[in-house]
Amino acid sequence: MKLLWPDAAAGSPEVDRAMKLYSYFRSSAGWRVRIALALKGLDFDLVPVHLLRDGGEHLKPDYAKTNPQGLVPALEVDDKVFTQSLAIMEYLEETYPEPSLLPGDAARRAEIRAFCQAIACEIHPLNNLRILKYLVRDLGHDEETKLAWYAHWIREGFGPVERLLEREEGPYCFGAQPTLADACLVPQVFNAERFNVDLSDFPKVRAVNAACLDLEAIAATVPSLQPDAE
């Protein structure tokens, strides 16, 4: 992974434009993609998009040219831009099929996709940055209420996730090898711990997360080790 600041990405002929990831070091969705890239051994250039600085660089007109949704991550491959983390990970799976992060027959792949969506579509959207800012800035809730909201939806979501993991032998979400499901789980556990959510009721969630972080490839993707980390 090489670090490209936005001005460098704009046009230097020395820049390798094969694969660029626009992301923020603490973005859960961006982290999912970093894990998928790491597990597949794919190199990329990182273009930091700071979600807090100057009102949020993702909301600036220049970034809207890359991703009209104004969200991270975005993955640029040969001047074509892909958005939405789950779609990006499926693109990587189809384009670089080995090692497979979506293994098995159609039924097994559907189970993995459903697990990913249980996190990326059911838990994360209720707790992402713009929702938390809206609770405080627009609705006038205090910090204590915001944290209670956060913990409620983590626990509400991790209950079913725990039961899904209880069906599997591990050590990862779906058996002996990490899949896209693990790429979704790890960032969500990190977020819960960052906001001091009690996860003692979810031993399988914690065990799978620990197994994932024992892998060198995944351990290297944690936010504090990213070039744009503060």
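## Salt bridges, helix packing and backbone exceptions

Reader: Is Arg137 buried or exposed?
Author: Buried means under 20% relative accessible area, exposed means over 50%, and partly exposed falls in between (1.4 Å probe, protein chains only). Arg137 reaches 57% relative accessibility, so this residue counts as exposed.

Reader: What is left out of the side-chain values?
Author: The model is predicted: local features need pLDDT of at least 70, side-chain atom pairs count only at pLDDT 80 or more, and totals for chains, interfaces and linings use all residues.

Reader: Which residue meets Arg137 in a salt bridge?
Author: A salt bridge puts a side-chain nitrogen of Lys or Arg within 4 Å of a carboxyl oxygen of Asp or Glu. Here the N to O distance is 2.8 Å.

Reader: How many residues apart are Glu93 and Lys40?
Author: The side chains of Glu93 and Lys40 form a salt bridge at 2.9 Å, N to O. The pair links distant parts of the chain, with Glu93 in helix 4 and Lys40 in the loop between helix 2 (28-39) and strand 3 (45-48). Helices (H or I, at least four residues) and strands (E, at least two) are DSSP runs, numbered from the N terminus. Both residues are buried, and their separation in the chain is 53 residues.

Reader: Where does the salt-bridge partner of Arg155 lie?
Author: Arg155 and Asp201 meet at 2.5 Å, N to O. The pair links distant parts of the chain, 46 residues apart. Arg155 sits in helix 8, and Asp201 in the loop between helix 9 and helix 10.

Reader: How is helix 8 oriented to helix 9?
Author: The axes are 11 Å apart, at an angle of about 140 degrees. Axes are lines fitted to C-alpha atoms, for helices over the stretch in contact, and angles run from 0 to 180 degrees between N-to-C directions. Under 35 degrees counts as roughly parallel, over 145 as roughly antiparallel, 65 to 115 as roughly perpendicular, and the rest as oblique. So helix 8 is oblique to helix 9.

Reader: How many charged residues are in the contact of helix 8 with helix 9?
Author: Contact means heavy atoms within 4.5 Å. Tyr150, Ile154, Phe158, Val161 and Leu165 of helix 8 meet Leu185, Gln188, Val189, Asn191 and Ala192 of helix 9. Ala, Val, Leu, Ile, Met, Phe, Trp, Tyr, Cys and Pro count as nonpolar, Asp, Glu, Lys and Arg as charged, and the others, Gly among them, as polar. The contact has 8 nonpolar and 2 polar residues, and the charged count is no residues.

Reader: What is the orientation of helix 8 to helix 10?
Author: These helices pack with axes 8 Å apart, at an angle of about 70 degrees. That makes them roughly perpendicular.

Reader: How many charged residues does the contact of helix 8 with helix 10 have?
Author: Helix 8 and helix 10 pack at about 70 degrees. Phe158, Val161, Glu162, Leu165 and Glu166 of helix 8 touch Pro203, Lys204, Val205 and Val208 of helix 10. By class there are 6 nonpolar and no polar residues, and the charged count is 3.

Reader: What is the omega of the peptide bond from Gly170 to Pro171?
Author: Most residues other than glycine have a negative phi, and most peptide bonds are trans. The bond from Gly170 to Pro171 is cis. Pro171 is placed in the loop between helix 8 (143-166) and helix 9 (180-194). Omega for this bond is near 10 degrees.

Reader: In which loop is Pro99 found?
Author: The bond from Glu98 to Pro99 is cis too, with omega near -10 degrees. Pro99 is in the loop between helix 4 (85-95) and helix 5 (106-120).

Reader: What is the phi of Asp78?
Author: Asp78 lies in the loop between strand 4 (74-77) and strand 5 (80-83). Its relative accessibility is 59%, so Asp78 counts as exposed. Asp78 is not a glycine, yet its phi is positive, at about 50 degrees.

Notes. Residues numbered from 1 in each chain as written. Heavy atoms only, no water.
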